Amino acid sequence: MLFRSLIIAATVFASPAFAQDDLSPEGQAIETAIQAYASKTNDERRDVLVQQLRAAGYQPELQGFEGGTPRTGPLPGANVVVTVGEGEKDIVLTGHFDAVPLSDGVMSQGVIDNAGSITLMIEALDLISDRVAQTPSPYRYVFVFTDQEELGLIGARKWLEGHDRSRIHAVINLDVNGYGETLMYGENVGEQSAFVLAAMRMQCAERAVDCMAFPVYPPSDDRVFSAAGVPVISIGSQDAVGAHQMWLAFNGGETTGLAEGFVPPVFQRIHSAGDDMQWIDGDDILRNARFIADLALRLSRDN
Ligand SMILES: [Zn+2]
């Protein structure tokens with residue numbers, strides 16, 4: 001390719017790969033739902049979540065706790081929990097709704113991290129509820145929208161402390177799911193999680209979905225569960241190029257081949273003023289929600 005063509009190609013491909021024009025009505029609804037979280041305080045984000053769940057016909061339970069860190073001082077928090085079904089074992093889906101304050105004190109919009117995962121979970125909740133209504137399941141599906149993840153996984157820890165962990169069959173954690181068709185997941189989740197990773201691999205293969213296993217994957221609420229010996233998988237999404245760059249950044253050692261000082265795109269965005277709606281793709285989230293709902297149902301079928 002000629003240099004000139006390269007420049008033209010670079011210009012073409014530099015624009016976001018997702019054209020907002022051809023967004024489906026359902027994808028548009030997802031984006032509107034995400035927008036409602038942008039730049040709110042964490043208490044307001046919790047209120048938005050509860051309202052959205054109620055509007056969708058659920059009765060979310062608020063489970064309050066005393067949280068905070070030495071830096072923040074004591075800080076009350078509350079996880080939001082919705083339970084579907086009545087089985088003796090639990091498939092748990094987790095995702096944090098809280099966002100971080102930026103260095104200037106203004107709240108991050110927190111849409112990639114992590115309102116995208118929250119709307120994905122609500123979509124998966126609808127799909128699973130419909131399925132359970134048709135075919136009763138021997139499993140309960142427990143959706144835990146966690147608070148104070150950004151302060152050190154506090155909400156997830158508090159939830160696990162208050163839950164009978166012998167009930168938990170598997171946990172699916174969702175963090176950073178604003179856009180992208182490549183699903184990323186960590187393999188650093190403990191030996192007890194091998195069957196969860198196997199289910200993920202099977203489903204990726206069957207659906208011909210582009211999935212990337214990370215030997216080392218950045219921490220999220222999954223660490224609370226893996227440390228406690230609970231089977232868990234942590235899943236995020238991104239465009240293929242960003243996912244490969246992120247894989248190299250975390251797993252490439254000293255020979256990543258990435259330019260010195262290079263930061264994978266998603267890490268330039270989250271926890272910054274750049275975590276905004278321009279990156280969000282409702283149709284990606286919708287498709288990934290179907291995948292996650294089916295993964296949860298697969299985990300209740302295969303074992
Ligand atoms: Zn996050």
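Visitor: Which residue does R207 form a salt bridge with?
Guide: R207 pairs with D294, and the closest N and O atoms are 3.1 Å apart. The two link distant parts of the chain: R207 is in helix 6, D294 is in helix 10, and 87 residues separate them. A salt bridge is a side-chain nitrogen of Lys or Arg within 4 Å of a carboxyl oxygen of Asp or Glu.

Visitor: What kind of model is this?
Guide: It is a predicted model, where local features need pLDDT of at least 70 and side-chain atom pairs count only at pLDDT 80 or more, while totals for chains, interfaces and linings use all residues. Residues are numbered from 1 along each chain as its sequence is written, and side-chain values use heavy atoms, leaving out hydrogens and water.

Visitor: Back to that pair. Buried or exposed?
Guide: R207 is partly exposed at 37% relative accessible area. D294 is partly exposed too, at 21%. The cut-offs: buried is under 20% relative accessible area, exposed is over 50%, and partly exposed is in between (1.4 Å probe, protein chains only).

Visitor: What span should helix 6 have?
Guide: Helix 6 has 14 residues, 194-207, and should span 20 Å at 1.5 Å a residue. Its end C-alpha atoms are 20 Å apart, which agrees. The expected span is 1.5 Å times one less than the number of residues. Helices (H or I, at least four residues) and strands (E, at least two) are DSSP runs, numbered from the N terminus.

Visitor: Which residues of helix 6 are buried?
Guide: V196, L197, A199, M200, Q203 and C204. These cover an arc of only 155° around the axis, which puts them on the same side of helix 6. The arc is taken from the directions from the helix axis to the C-beta atoms. On the other side, A205 and E206 are exposed.

Visitor: What do the buried ones pack against?
Guide: Strand 5 (168-174), strand 6 (182-186), strand 7 (211-214), strand 8 (232-238) and helix 10 (282-301). Contact means heavy atoms within 4.5 Å.

Visitor: And just after helix 6, what does A208 do?
Guide: A208 takes a positive phi of about 55°.

Visitor: New topic. How many aromatic pairs?
Guide: Three in the structure. In one of them, F214 and Y217 have ring centres 5.1 Å apart and planes at 80°, so the pair is edge-to-face. Rings of Phe, Tyr and Trp (its six-membered ring) pair with centres within 6.5 Å; planes under 30 degrees apart are stacked, over 60 edge-to-face, the rest tilted. F214 is buried at 0%, and Y217 is buried at 5%.

Visitor: What lies over the face of W279?
Guide: R269, at 3.5 Å from the ring centre. The test is NZ of Lys or CZ of Arg within 6 Å of the ring centre and within 35 degrees of the ring normal.

Visitor: How many salt bridges in the whole structure?
Guide: The search finds 10. Among them, R46 and D43 meet at 3.1 Å, N to O. Both lie in helix 3 (residues 42-55), three residues apart, about one turn of the helix. R46 is buried at 9%, whereas D43 is partly exposed at 47%.

Visitor: What about D284 and R287?
Guide: Their side chains meet in a salt bridge at 2.6 Å, N to O. Both residues lie in helix 10, three residues apart.
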